[in-house]
Amino acid sequence: MKILAPIKSADEVRPLAEAGAGEFYCGVTPPGWEAAFGQAAVHRRSARSAGVSGLGELRRIVALAGAAPVFATLNAPSYPAGAIPRLVEFGRALVEESGIAALIVAELELVLALGDAGLAGRVHVSSLATCRNPGAASFYRTLGVSRVILPRHMTLAEIEQTAIPGLEWEAFLLNDGCAFEEGTCSTTHAFRPYCIDDQVGHSQGRLDERYAFWKWTLNNCGCQTSRGYTLGPCGLCALARLERAGVESLKVVGREAPLARKLGSVRLASLALRLAEGGATRETIRDAVVAERGAPELCESAHLCYYPDVWADSLPKPRQGQAPSTRRAPGHPPAAPAASARRVVPIRVDTPAPQPPARNGPC
Amino acid sequence: MEYGLRLTTPREVPSDPREACPPDWRDLLPEGRAVALYFGTEFCEDRLPDLEEASAYCGAARDRGLEATLTTPLVSPEGLRAIDRLLGSLASDGWHPAVVFNDWGVLELLQERHPALPRRAGRLVNRSLRDPRAYRDATAGTASHDASRFTRLHALLRRFGVEAVETDADLEGGFLGDGGDDGGRPLGRALHFPFTYAASGRGCPLKAALYPEGGGFAQAFADPCPAPCRGKPLSVRRADTALPHWRAGNTLFYEPPHEATRAWLPHADRIVIHPMAAP
């Protein structure tokens, strides 16, 4: 398995590679895009804060990466009329002239157009395409793409059934969760993440607090770090099962993050990967991660887990009387608030944490 | 105009399909007759009907001369198996509903295991932006309705034997095509009305309410759910948009401006009426 690191400048290549990155991904915008298509997004992230500055910088990244492949995102969920031919030609130039190993694509029309241009084998299907079962995987395999990136919201058991042969598989490993399934969130971060202001509904009280807590963990615990490590969603304890499922690439999220945060994430992933490759148990990996990163509270109840079913034997079960076997509940009053006392998870951080900000994008 | 009715119970099918629509929206609707009865779910596999419920809808559709139309969501591997079992059982009982798929795995399933069933591409196949906040400065919407955005997708759908495309009102338009043949068999065009989905996912807060502190959300993605959302949707207020919002289980819906929605009607052959937001 390889650690896939986010990158936005050539200066980041060497330190990230030394920390353990085996692959890189980045965003780059076609020249003249804004003049032709205004504010329409090329990528899922802001081109200004998360993108590579230009094609010259991209070529420097590829050259410095050497044998480590560099992938480029063209993963907006949809594009305006007239954009697809432009993106196909841009994608071809990235692959044939700039040394990009593959293009990360979400929109099916663009996947199909790249296929028509003979580039299907250089396409990685984005997590936004929500490939969540073996039938969907088979569909993408017939399109000739080389890799599928699994969406965030899958269990390990589902990944094991979905990762069919004939494709490379990539899974999320560290940072930046989403409250909604990213592929079925039809909003844009250009207005500020829609989920941040989402509440359950009127008078839901305690349930809203629980929802807010979950979103806070997804948002890297309010953009906090501990000993320089991001306190965000994490799949490190699940590495052994991901490997057995056939996952080859482990995604660290955060193209727009400062280098220090990227480095911390890749170092932590590298530490856990070495342990997993040596046959370490989930407990051994967790203990090693906590010893390095701190904030053990966040692991005690699987709050940060991308794949909490790695701890399935210790997860809370539904309250008695509301077992899932109750198939129907017509007229059931929606969302009865939880009755138990308010609960918080104080985190002991060694680095002063920034105040949870009202922000316009990911940490 | 033809109509589909997406009812939450098969018992009350109105004679005029417009009567099923929320009153504030009825004035936009042209005359027409109902041709299809929709059931199932587009957003949450825990709300897939069991055989008894699905059969009741199929029976109600047959009694009224409507085409029974099963909607299906994005699914897990187990959800895919559940749909396979349901369609197989329905066929054994003599029911052959049309199927709206929102997951490419479901389309593969239809191809391989249930090839005789009519199939329709659902609104999650269309990933265009729908952000309700975009209407703050453009109440009429900004949709270009340029069908060229989906030329290859439509051709692919035809190759898979898909009969129609369905969507709600997004910000860009074009997914329903222009009613022409694009060089191939024309695809039917259905508009879901009046609710547009904004965001959906597996981390359902209503499901989480069934769990004790520390449970639910990501820790319960794969747990089956008794669907506490089967009552009514919850009204949701947001400071960043005045458009009415509804939480229906794991999905947030909103009502787009009438002006923007009206512009969609000439692009549809069928309107699928939703009396309330439902996942």
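**Chain B and a helix pair in chain A**

Modeller: Chain B has 6 helices and 12 strands, where helices (H or I, at least four residues) and strands (E, at least two) are DSSP runs numbered from the N terminus. This is a predicted model, in which local features need pLDDT of at least 70, side-chain atom pairs count only at pLDDT 80 or more, and totals for chains, interfaces and linings use all residues. Residues are numbered from 1 along each chain as its sequence is written, while chains are lettered from A and ligands numbered from 1 in the order in which they are written.

Biologist: What makes H5(A) and H6(A) oblique to each other?

Modeller: Their axes, lines fitted to C-alpha atoms over the stretch in contact, come within 10 Å and cross at roughly 55 degrees. Angles run from 0 to 180 degrees between N-to-C directions. Under 35 degrees counts as roughly parallel, over 145 as roughly antiparallel, 65 to 115 as roughly perpendicular and the rest as oblique. H5(A) and H6(A) are therefore oblique.

Biologist: Which residues of H5(A) and H6(A) make the contact?

Modeller: Ile84(A), Leu87(A), Val88(A) and Gly91(A) of H5(A) meet Glu109(A), Leu110(A), Ala113(A) and Leu114(A) of H6(A); contact means C-beta atoms, placed from the backbone, within 7 Å.

Biologist: How many residues of chain B are in contact with chain A?

Modeller: 69 residues of chain B are in contact with 69 residues of chain A. H3(B) supplies the largest share of chain B's side, 6 residues.

How values were computed
Contact = placed C-beta atoms within 7 Å.
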